[in-house]
Amino acid sequence: MKQETGVSAVEIALEQKPDLILLDIMLPKLDGLSVCKRIKMSYNVPIIMVTAKDQEIDKVLGLELGADDYITKPFSVREMVARVKANLRKAEVVSNDKEVEQSINKEKKKESKLEVGDLELDLDKFEVKVRGEIIDLTLREFEVLKFLASQPEQVVTRETLLERVWGYEYYGDIRTVDVTVRRIREKIEKDTSIPKILITKRGVGYYIAST
């Protein structure tokens, strides 16, 4: 019997392009974190990391490499189903939103962009510019930035971001939001220790500065 490895997982994913991937961290030849990174470099697909290691570093690293969610063994079937549904629902909403936006923007091109201070989002191209420079963001990072930029200076709680961007109503870890925000800051801020665009309201949440 052929042994499935991390290498074959990448090949299968890129060939069959599934709607969602449950990815175990412990894989032979190529670990799950490396598999996640390689897949995300080729196309955006919801990836839920499955790990037996209940360690913060594994979860954070997985998110930083592009994973959309994670679940630690042992887990209940109910929790797994809820997370799968939430990620599939979000992916479908993003896809539908893109189609709707493209249709609307054919009639109203001026509505295809969001501009807040040094930040510019092209909703048609899913493209972000900071001070005129194109920034490479993942789909999830783009959605977070879009949600915040659509309401500049308004503080949005982590719970609201988790529900509106990730689609969780109950399941989910607030740490997921913090890690994603950190990744975004590393790409758009000149100095992450003194952010000027994506601001933290301590103890509450985040907002986009308008100036």
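Colleague: Which residue stands opposite Val 50 in E3?

Modeller: In this model, which is a predicted one, the residue standing opposite Val 50 is Ile 71 in E3. The two strands involved, E2 (residues 47-51) and E3, run parallel and are joined by four bridges.

Colleague: And the faces of E3, are they covered or uncovered?

Modeller: Both faces of E3, which spans residues 69-72, are covered, since Asp 69 and Ile 71 on one side are buried, and so are Tyr 70 and Thr 72 on the other. As background, side chains in a regular strand alternate between the two faces of the sheet.

Colleague: Which residues does the cis peptide bond join?

Modeller: The cis bond joins Lys 73 and Pro 74, with omega at about -5 degrees, and Pro 74 is found in the loop between E3 and helix H4 (77-107). For context, most peptide bonds are trans.

Colleague: Changing topic, how many aromatic pairs does a search of the whole structure find?

Modeller: The search finds one aromatic pair. The rings belong to Phe 126 and Phe 142, and because their planes are at 35 degrees, with the centres 5.0 Å apart, the pair is tilted. The pair links distant parts of the chain, 16 residues apart, with Phe 126 in the loop between strand E5 (119-122) and strand E6 (127-130) and Phe 142 in helix H5 (residues 139-149).

Colleague: Is Phe 142 buried or exposed? And what does Phe 126 count as?

Modeller: Phe 142 is buried, with a relative accessible area of 2%, whereas Phe 126, at 21% relative accessibility, counts as partly exposed.

Colleague: What about the backbone at Phe 126, what is its phi?

Modeller: Phe 126 is not a glycine, yet its phi is positive, about 55 degrees. Phe 126 sits in the turn of the hairpin formed by E5 and E6, which has four residues between the strands. Those strands run antiparallel and are joined by four bridges, and Asp 122 stands opposite Glu 127 in E6.

Colleague: Which strand does E6 pair with over three bridges?

Modeller: That partner is strand E7 (residues 133-135), and the pairing is antiparallel. Ile 135 in E7 is the bridge partner of Val 128. The hairpin of E6 and E7 has two residues between the strands, and in it Arg 131 takes a positive phi near 50 degrees. As for its faces, E6 has a covered one with Val 128 and Val 130, and an uncovered one with Glu 127 and Lys 129.

Colleague: Back to H5, why is it described as largely enclosed by the rest of the structure?

Modeller: H5 is described that way because 10 of its 11 residues are buried.

Colleague: Which element supplies the largest share of the largest nonpolar core?

Modeller: The largest nonpolar core has 27 residues, and those with the most contacts inside it are Leu 119, Val 128, Leu 145, Leu 161 and Leu 198. Elements that each supply at least two residues include E5, E6, helix H6 (158-166) and helix H7 (174-188), while the largest share, six residues, comes from H5. Apart from this core lies another, of 19 residues, among them Ala 13, Tyr 43, Val 45 and Tyr 70.

Colleague: And what is Leu 198 in contact with?

Modeller: Leaving aside neighbours within four places in sequence, the contacts of Leu 198 include Leu 145, Leu 148, Val 181, Ile 184 and Tyr 206.

Colleague: Arg 183, buried or exposed?

Modeller: Arg 183, which lies in helix H7, counts as buried at 8% relative accessibility. Not counting residues up to four places away in sequence, Arg 183 touches Leu 63, Glu 64, Thr 138 and Glu 141.

Colleague: One last thing, which ring does the charged end of Lys 17 sit over?

Modeller: The charged end of Lys 17 sits over the ring of Tyr 43, 5.1 Å from its centre. Lys 17 lies in the loop between helix H1 (6-16) and strand E1 (21-24), and it is partly exposed, with a relative accessible area of 48%. Although not a glycine, Lys 17 has a positive phi of about 45 degrees.

Methods: Residues are numbered from 1 along each chain as its sequence is written. This is a predicted model: local features need pLDDT of at least 70, side-chain atom pairs count only at pLDDT 80 or more; totals for chains, interfaces and linings use all residues. Side-chain values use heavy atoms; hydrogens and water are left out. Rings of Phe, Tyr and Trp (its six-membered ring) pair if their centres lie within 6.5 Å; planes under 30 degrees apart count as stacked, over 60 as edge-to-face and the rest as tilted. Buried means under 20% relative accessible area, exposed over 50%, partly exposed in between (1.4 Å probe, protein chains only). A charge sits over a ring if NZ of Lys or CZ of Arg is within 6 Å of the ring centre and within 35 degrees of the ring normal. A nonpolar core is a set of buried Ala, Val, Leu, Ile, Met, Phe, Trp, Tyr and Cys residues joined through side-chain atoms within 4.5 Å. Contact means heavy atoms within 4.5 Å. Two strands pair if DSSP finds at least two bridges between them.
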